[in-house]
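Subject: Structure for your review

Dear colleague,

Please find below the structure for your review.

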Amino acid sequence: MEDELRCPTCKQLYANPVLLPCFHALCLGCALDIQTPYSPGSALPGAVNGAGAASTAGHNGLHGSGGGAGGGAAAPGTNPNGPGTRHSSHSSAASTASSNTGSESVTSDQDQSDKVSIFSEADSGVVCCSNTSRPVSYAGTGLLPGVGNVVAPPGAAYCLTCPLCRKLVFFDDGGVRNLPTYRAMEAIVDRFCAREALRCQMCETDPKVASLICEQCEIRYCDACRELTHPARGPLAKHTLVKPRGAAQQRESVCGEHEETLSQYCLSCKAPACGLCIGELRHQAHDVQSINVTCKAQKTELSHNLQQLSEKARSTTEFIQRLKGMSDKVTESCMEFERLVHAQCEALIQAIHDRREYLLEAIRMDKDTKIRILKDQQSNCTGKLQQTTGLIQFCIEALKETDSAAFLQVGSMLINRVTNTDMTWHQEVTNAAPRVSPIVDLTLDDAALARAIDNLNFIQMRAPMTPTILPSDCSAENNSVTVAWQPPNHSFVEGYVLELDDGSGGEFREVYCGKETICTVDGLHFNSMYNARVKAFNSAGEGEYSELIGLQTAEVAWFTFDPVLSGGAGSGLIFSKNNATVSVEGWEHRVALGSVGFSRGVHYWEFTIDNYTADTDPAFGVARIDVARNKMLGKDEKSFAMYIDRQRSWFQHNSVHERRVEGGITTGSTIGVLLDLERHTLSFLVNEMPQGSVAFRDLYGVFYPAVSINRGVTLTMHTAMDAPKMDYF
């Protein structure tokens with residue numbers, strides 16, 4: 001709060017504060033110092049044009065006015081008699097002038113008409129004050145040079161620029177003494193100084209109450225410390241020692257014109273008044289209220305606003321404490337992370353050292369191997385050379401033999417040995433080469449490691465942010481849905497989890513986990529609204545789920561025969577017309593399955609008999625995915641069927657056939673299959689007429705459209721059809 005109590009000009013606690021029309025305050029002495037005489041045509045001090053040019057100083061905002069006057073003790077480190085020294089002769093006369101002139105300052109909010117007159121539409125920043133009950137004049141006399149649209153009223157003798165908002169105030173001959181005493185500020189400063197318990201600033205322990213303060217040193221002393229540290233001799237003898245400012249005495253506010261107690265408040269003029277003022281002409285027909293009632297109402301409003309502001313301040317304080325806690329946490333976390341990084345780098349360095357030793361050992365082993373090979377080759381060549389040298393010396397001695405018979409005894413043998421040795425010498429020695437190279441023909445492949453070290457960096461190890469589902473790339477077709485999403489920004493992601501509900505608003509279940517950002521889910525229910533959501537994860541945890549997206553599967557099923565589900569290439573079935581038509585060459589029955597399975601809903605499809613030339617019984621119905629594909633439909637427990645010939649039909653399940661119904665088929669006939677999984681029944685139609693009653697009941701699970709045919713029958717399947725209305729259940 002201390003900043004609010006300091007004058008923006010002298011930076012000291014307010015002394016005899018006065019209130020400007022802009023609701024900023026000044027010491028009276030400071031105001032006297034900065035006011036300047038004004039004469040028409042003279043240059044004005046800089047003022048702002050426009051309402052938004054408030055000073056950037058962060059204190060002395062809108063100060064309210066109230067009762068209380070008098071002096072008070074100075075705050076620690078301030079000059080208690082500062083006005084006497086800071087403002088020279090003006091300060092001594094300020095109090096007398098303020099009390100004797102009896103002037104009443106007119107501020108910008110005294111009444112609405114004055115308010116409009118004082119501030120132009122452009123809010124020029126000009127305010128006028130006089131020592132009468134109204135300003136001397138609010139009628140503009142023309143533009144002033146250098147100040148834009150600022151207009152000075154007639155009779156203006158002084159002007160002053162607010163040091164905070166830079167608004168210009170004009171005064172008559174009374175000058176700034178026309179300004180009202182800021183009595184609320186006086187009282188607050190005095191209470192503040194009293195709370196500060198002014199103590200000696202030179203006591204080392206347990207400071208005592210200060211008895212004097214030096215105006216030049218601005219230091220407070222107790223009697224003992226003054227004798228020790230500020231003796232009245234030498235250069236210090238010229239310093240002025242005064243007593244600290246005392247607390248103010250409370251007194252009632254009185255009218256400046258009538259010296260009566262201010263007991264009323266004019267709501268129209270927004271100014272306090274005495275009983276005599278209320279009876280004057282200027283307050284006739286104005287709304288008047290007791291000043292205590294008005295004060296209480298404004299205090300109540302201010303208390304309410306302060307309560308709201310205090311809540312914000314308290315939350316801000318808690319936030320600051322949380323930030324401080326986070327700062328400590330950041331320090332601890334960074335220290336721990338530094339330790340971890342240091343340990344990891346040391347481990348990498350140790351791994352490089354270990355690898356270096358391994359590589360150096362490999363070089364030493366290679367060296368030993370090469371030297372051993374070279375020594376072996378050298379030993380072999382040395383032995384060969386010794387043998388050849390011995391042979392040469394022996395032959396030389398044999399040539400010295402004079403006995404021809406004796407020479408001829410070994411001559412042929414020596415010729416053969418020399419010839420053979422010469423040949424082998426050419427192969428083993430002359431054309432021989434070192435078995436190993438003396439040059440190391442290897443190099444250390446460190447480029448990848450160097451790149452890895454250059455790219456060694458931190459990765460984000462907090463849970464990733466939320467992925468964003470891309471509605472334009474999502475779709476639903478038949479009983480499958482496709483969901484696509486965008487990876488979260490600035491997040492390290494190891495994978496995604498896609499979840500779908502059950503199509504009825506039930507619980508979600510995981511349908512995909514992986515690194516892809518698009519997924520198609522098949523085998524869903526028809527005519528169902530599926531909600532999908534996705535989240536990202538990494539080793540640090542899982543992120544939040546994305547927003548939901550709803551995907552509606554088709555109301556009716558569109559499907560064809562599925563060659564793969566029907567047994568593949570070895571089944572003997574022949575599919576055509578985009579797998580809508582099927583036939584077979586052999587006499588054995590073969591089962592063909594549809595490409596879609598049903599587990600709920602009502603579904604209807606038809607078969608057209610394109611060719612029926614043999615005496616055979618095609619079967620129509622539904623089957624589970626693991627039905628026997630080399631038997632007539634209905635022969636095992638996995639299928640439910642109706643088989644039919646030219647005259648009649650039977651219902652068959654698990655090799656049990658029953659309920660013969662008259663009416664057969666020919667080429668061009670249609671067979672309809674109605675699977676109602678809401679009632680869990682299966683019914684058949686022949687040429688759009690019911691073929692008996694309900695064929696099978698209590699069907700639960702997943703069922704695929706199915707037929708079984710053999711030679712002489714060709715069928716075409718028609719899907720995406722509306723179910724007919726049946727008269728029986």
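The notes below go from the whole chain to its core and then to its sheets.

**Basis of the notes**

This is a predicted model, in which local features need pLDDT of at least 70 and side-chain atom pairs count only at pLDDT 80 or more, while totals for chains, interfaces and linings use all residues. Residues are numbered from 1 along each chain as its sequence is written, and side-chain values use heavy atoms, with hydrogens and water left out.

**The chain as a whole**

The protein chain holds ten helices and 35 strands; these are DSSP runs numbered from the N terminus, with helices being H or I of at least four residues and strands E of at least two. Of its 729 residues, 38% are buried, where buried means under 20% relative accessible area, exposed over 50% and partly exposed in between (1.4 Å probe, protein chains only). Among contacts in the chain with a separation of 6 or more, 64% join residues 24 or more positions apart; a contact means heavy atoms within 4.5 Å. The chain exposes about 41,000 Å², and carbon and sulfur atoms supply 53% of that area. Accessible areas come from the Shrake-Rupley method with a 1.4 Å probe, and for residues only the protein chains shown count as cover.

**The largest nonpolar core**

In soluble globular proteins, nonpolar side chains tend to be buried together. Here the largest nonpolar core has 37 residues, and those touching the most other members are Phe598, Trp605, Phe607, Phe620, Ile671, Leu675 and Leu682. Such a core is a set of buried Ala, Val, Leu, Ile, Met, Phe, Trp, Tyr and Cys residues joined through side-chain atoms within 4.5 Å. The elements that give two or more residues to this core include β25 (602-612), β26 (619-623), β30 (670-676) and β35 (713-718). Strand β25 provides the largest share, four residues. Another core, of 30 residues, lies apart from this one and has Ala25, Cys30, Leu164 and Leu179 among its members.

Strand β25 is largely enclosed by the rest of the structure, because eight of its eleven residues are buried. It pairs with β30 in the antiparallel sense over seven bridges, with Thr608 opposite Thr670. Two strands count as paired if DSSP finds at least two bridges between them. Strand β25 also pairs with β35, again antiparallel, over six bridges; there Ile609 has Leu715 as its bridge partner.

Thr716 is found in β35. At 9% relative accessibility, Thr716 counts as buried. Its side chain makes a polar contact of 2.3 Å with the side chain of Asp610. A polar contact is a pair of N or O atoms within 3.5 Å; within protein, one must be able to donate a hydrogen and the other to accept it, and residues adjacent in sequence count only if both atoms are side-chain atoms. Leaving aside residues up to four places away in sequence, Thr716 touches Ala580, Thr581, Glu606, Phe607, Thr608 and Asp610.

**The six-stranded sheet**

An open sheet of six strands runs in the order β24-β34-β26-β27-β28-β29 with antiparallel pairing. Its edge strands, β24 (590-593) and β29 (656-662), each pair on one side only. The twist averages 20 degrees from one strand to the next; axes are lines fitted to C-alpha atoms, for helices over the stretch in contact, and angles run from 0 to 180 degrees between N-to-C directions.

Within this sheet, five bridges join β26 to β34, and Gly621 stands opposite Ala706. Strand β28 (residues 648-653) is mostly covered, with five of its six residues buried. A hairpin with three residues between its strands is formed by β27 and β28, and Tyr643 stands opposite Trp650. Strands β28 and β29 also form a hairpin, with two residues between them, in which Asn654 takes a positive phi near 55 degrees.

**The three-stranded sheet**

A further open sheet has the order β11-β10-β12 and antiparallel pairing. Its twist averages 35 degrees from one strand to the next. Tyr265 stands opposite Pro272 in β11.

With kind regards
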